[in-house]
Structures are given as structure tokens and as C-alpha cells.
Amino acid sequence: AARIIQNMDPTADPCKDFYQYACGGWLNRHVIPETSSRYSIFDILRDELEIILKGVLETSDQGDREAFRKAKILYKSCMNESLIEQRDSLPLLEALTMVGDWPVASADWNKTNEPNWRMEEKLSIMNSRFNKRVLIDMFVWNDDRDSSRHIIYIDQPSLGMPSRDYYFNGGNYQRVREAYLQFMITIAKMIREDNNVSKDDSFVQEEMAKVMELETEIAN
């Protein structure tokens, strides 16, 4: 209650400017940081919680429960920047191999991988190992008709860009769309180089244009 009152401006007349009356105290004491598009009490609580979590994750894991140890291992692995730099693109290349490689980043994908490639198997690996839904979203949740049991739901997945507007609208949407395509082309070229595959910019651009066309069809 004290925090709500603090965020109000009781000097303002609510009949003339209710927004100032309700939020004036907050506006007077808070400025939206340059790194944020918004700033609310939830953002402040999140920042405070992250500081607390950082302290917890950096303590010794001696005697911790398994769940805490796993969280600390994950945190330490993310903070070990020297090892991350040393491994470079290796984790990504290993992940690509696990899901059947990437045709645009391989010299002979059709000969070596395509005959043994099964979409059902690869979709399940993407879901279970990488928490990535492609083409189909599948998850277990409470049954809407019977809350005492859980069922498998099948749904449409999210798109590569935030919403379908990015695939069809002009203006800023089009600029993001062009940058998105260029990003895919750049990543494909980098992976080809790391795989010691010959440079073929026109092939990469054609293949990524096909990917963009497919995503647009899905968005439609």
C-alpha cells in the first residue's frame, strides 16, 4: 500500500488528470533506462532478483541438492567466456550434425545424409534436445476437458521473426525482413567456412531465399 501511495501524485486533481494523479509519483522518480523500452515495478523486481540469483549461483555447491548443482553448472558454463571462445563454432557444428546437418553448409548433403534423413526423427530431436519447435509445436499440458489428466497438444510453432507482419508489411517490417535474410546468409557462409566447404555466395543466397520463401508460406 505504501508503495502504491508513493507512486501516486496526490497534489494532482484526479478529475482533470487522472494519469498524473495515479502515476505522477512514479514518473517523478523513475526514468526509462536507455537499454529498455519500458520500465515498471516488475522490471525493478526482476533486476533485484537477478542480483540475488547471481549471488546464489556464485556460492559453493558443496552439499547442494542436485537441482541447485545443475543450475550452478549451467551458470558457470555460460560465464566461462575463454572456453566459449576456444570452442568457437564447434557446439553449433555438433548440433547440426545431430539433426542431420544443414544442406546449405555441406558440399554433398544429398549423397551422405539425405538417404538416411527422417523428418519425424529430426523434429523429435529438435524438440527434446534443443527445445526447438519446427513446423509443428508439440507439448504436454492439462486437458481442458479434464483437469485431472495431461494430454499431448499439437499446435503451430512460432515463426523465425516475431509475427507474420514481418513477412508481408512494408516500412520497418521490410527492413527487418531484409536484415533477417542477410543474417541467415552470413551464418551459412560462416558455417561453410568452418566446415572447409568451398565459397559459393550465389548458391548460399539462392538457398536462403528459398528458406525465406518457405517461412513466408508458413506465415501465410
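User: How do you know where the domain bounds come from?
Analyst: Domain bounds come from an automatic or database domain assignment. The model is predicted, with local features needing pLDDT of at least 70 and side-chain atom pairs pLDDT 80 or more, while totals for chains, interfaces and linings use all residues. Residues are numbered from 1 along each chain as its sequence is written, and side-chain values use heavy atoms, without hydrogens and water.

User: Why is the largest pocket said to lie between domain 2 and domain 3?
Analyst: Domain 2 (88–117 + 159–219) and domain 3 (118–158) both contribute to its lining, so the largest pocket lies between them.

User: What makes a residue count as lining, and which are closest to the centre of the largest pocket?
Analyst: On a 1 Å grid over the protein atoms alone, a pocket is an open set of points where a 1.4 Å probe fits, with protein on both sides within 12 Å along at least five of seven lines, and a lining residue has an atom within 4 Å of a point. Of the 35 residues lining the largest pocket, Trp102, Met126, Val134, Val211 and Glu215 are the closest to its centre.

User: What makes up the lining of the largest pocket by class?
Analyst: Ala, Val, Leu, Ile, Met, Phe, Trp, Tyr, Cys and Pro count as nonpolar, Asp, Glu, Lys and Arg as charged, and the others, Gly among them, as polar; the lining therefore divides into 26 nonpolar, two polar and seven charged residues.

User: Which residues, by class, line the second largest pocket?
Analyst: Seven are nonpolar, three polar and none charged, and the lining includes Leu135, Gln156 and Ile218. Domain 2 and domain 3 each supply at least three residues to the lining of the second largest pocket.
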